[in-house]
Amino acid sequence: MASINRYSSLVLVVVALASAPLAAVAGDPDILTDFVVPTSMIGMPPMNITADFFTYTGLGAAMNMTTPGTQNFTVTKATMMEFPALNGQSVAYAMLKFPSESVNPPHTHPRAAELLLVLDGALSVGFVDTAGKLYTQDLAAGDMFVFPKGLVHYQSNPGQSHAVALSAFGSSAPGTVSVPVTVFGTGVDDAVLAKSFKTDLPTVQKLKAALTPPPKK
């Protein structure tokens with residue numbers, strides 16, 4: 001129990017300390033054309049650009065996709081990376097799927113606010129402002145919640161049923177900065193983290209082992 005309390009306290013400290021430095025934000029620049037044509041399409045006659053360019057079907061596939069037995073939160077994005085027509089339009093979407101007792105860990109979107117709509121099930125959500133105040137809410141299907149731009153926030157499904165949500169962003173490239181991975185999975189010196197979070201080296205090393213991403217191939 002002492003170990004659990006230590007980890008819980010450490011996570012709360014991480015969220016509180018991360019909210020201020022990660023609050024630096026930016027926004028999409030205005031464009032001077034109706035839409036932005038990808039580099040691969042520059043020079044193409046306008047009549048060859050069809051409605052297909054402005055259509056994305058990836059979220060429909062995610063809605064119909066089932067992953068029996070999975071216990072992990074999953075996200076399917078529709079940003080300018082997946083849907084190039086969004087470039088310059090200052091909008092993006094993401095579909096969030098939560099198995100029972102799963103969580104979307106604390107993170108920020110440095111270039112956009114997030115407007116979340118619960119489509120199915122129920123979620124518990126929250127964010128921390130730059131003064132260190134935590135705002136939490138329990139949401140049911142049909143409820144909406146806004147996470148201000150750049151602030152640390154999370155969503156969780158504490159229940160036994162699955163939950164699905166759709167998030168809209170005020171940027172075509174909102175970005176995502178994971179607090180746990182950024183702090184413990186990017187190679188920051190163990191001693192620095194142990195002193196910063198007033199814990200011991202073994203605790204830091206356990207967190208690093210769990211959160212460090214695998215090497216890119």
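## Starting at His109

Which residues does His109 touch, not counting residues up to four places away in sequence? The list is Glu114, Lys149, Gly150, His153, Phe169, Pro174, Gly175 and Thr176. Keep in mind as you explore that this is a predicted model.

To find His109 in the structure, look at the loop between β3 (102–108) and β4 (114–120). Is His109 buried or exposed? His109 counts as buried, because its relative accessibility is 6%, and buried means under 20%.

## The annotated residues

Under "binding site", in an unreviewed entry, UniProt lists Asn104, His109 and Glu114. The lining of the second largest pocket includes Asn104, His109 and Glu114.

UniProt also places the feature "binding site", again from an unreviewed entry, at His107, His109, Glu114 and His153. These residues are spread over 47 residues of sequence, yet they cluster in space, with a largest C-alpha distance of 11.6 Å. From this set, the lining of the second largest pocket takes in His107, His109 and Glu114.

## Glu114 and its surroundings

Glu114 belongs to strand β4. With a relative accessibility of 3%, Glu114 counts as buried. Which residue's side chain is joined to that of Glu114 by a polar contact? The partner is His153, and the polar contact spans 2.9 Å.

Leaving aside neighbours within four places in sequence, Glu114 is in contact with the histidines His107, His109 and His153.

## His107 on strand β3

His107 lies in strand β3, and its relative accessibility of 4% means that His107 counts as buried. The side chain of His107 reaches the backbone oxygen of Pro105 at 2.7 Å.

If neighbours within four places in sequence are set aside, the contacts of His107 include Glu114 and His153. Also among them are Leu151, Val152, Gln155 and Thr176, together with Val177, Ser178 and Val179.

## The second largest pocket

Now for the pocket itself. Its volume is about 370 Å³. The second largest pocket is lined by 22 residues, and the closest to its centre are Val75, Lys77, Asn104, His109 and Thr176. Two or more lining residues come from each of β1 (74–78), β2 (92–98), β3 and α3 (179–184).

Which element gives the largest share of the lining of the second largest pocket? That is β3, with four residues. By residue type, the lining of the second largest pocket divides into 12 nonpolar, eight polar and two charged residues.

## A look at Gly159

One more stop on the tour is Gly159, which lies in the loop between β8 (152–157) and β9 (163–169). Gly159 counts as partly exposed, because its relative accessibility is 27%.

With neighbours within four places in sequence left aside, Gly159 is in contact with Ser100 and Glu101. How far apart are the C-alpha atoms of Gly159 and Ala122? They are separated by 7.6 Å, while the two residues are 37 residues apart along the chain.

Key:
Residues numbered from 1 in each chain as written. Predicted model: local features only at pLDDT ≥ 70, side-chain atom pairs only at ≥ 80, totals over all residues. Heavy atoms only, no water. UniProt positions renumbered as here; feature names shortened; annotations may be inferred. 1 Å grid on protein atoms, 1.4 Å probe; cavity = no way out; pocket = protein on both sides within 12 Å on 5 of 7 lines; lining within 4 Å. Buried < 20%, exposed > 50% of the residue type's maximum accessible area, 1.4 Å probe, protein only. Contact = heavy atoms within 4.5 Å. Polar contact = N/O pair within 3.5 Å; in protein donor to acceptor, adjacent residues only side chain to side chain. Points joined across faces, edges and corners; volume = space filled by probe spheres on them. Nonpolar A, V, L, I, M, F, W, Y, C, P; charged D, E, K, R; others polar.
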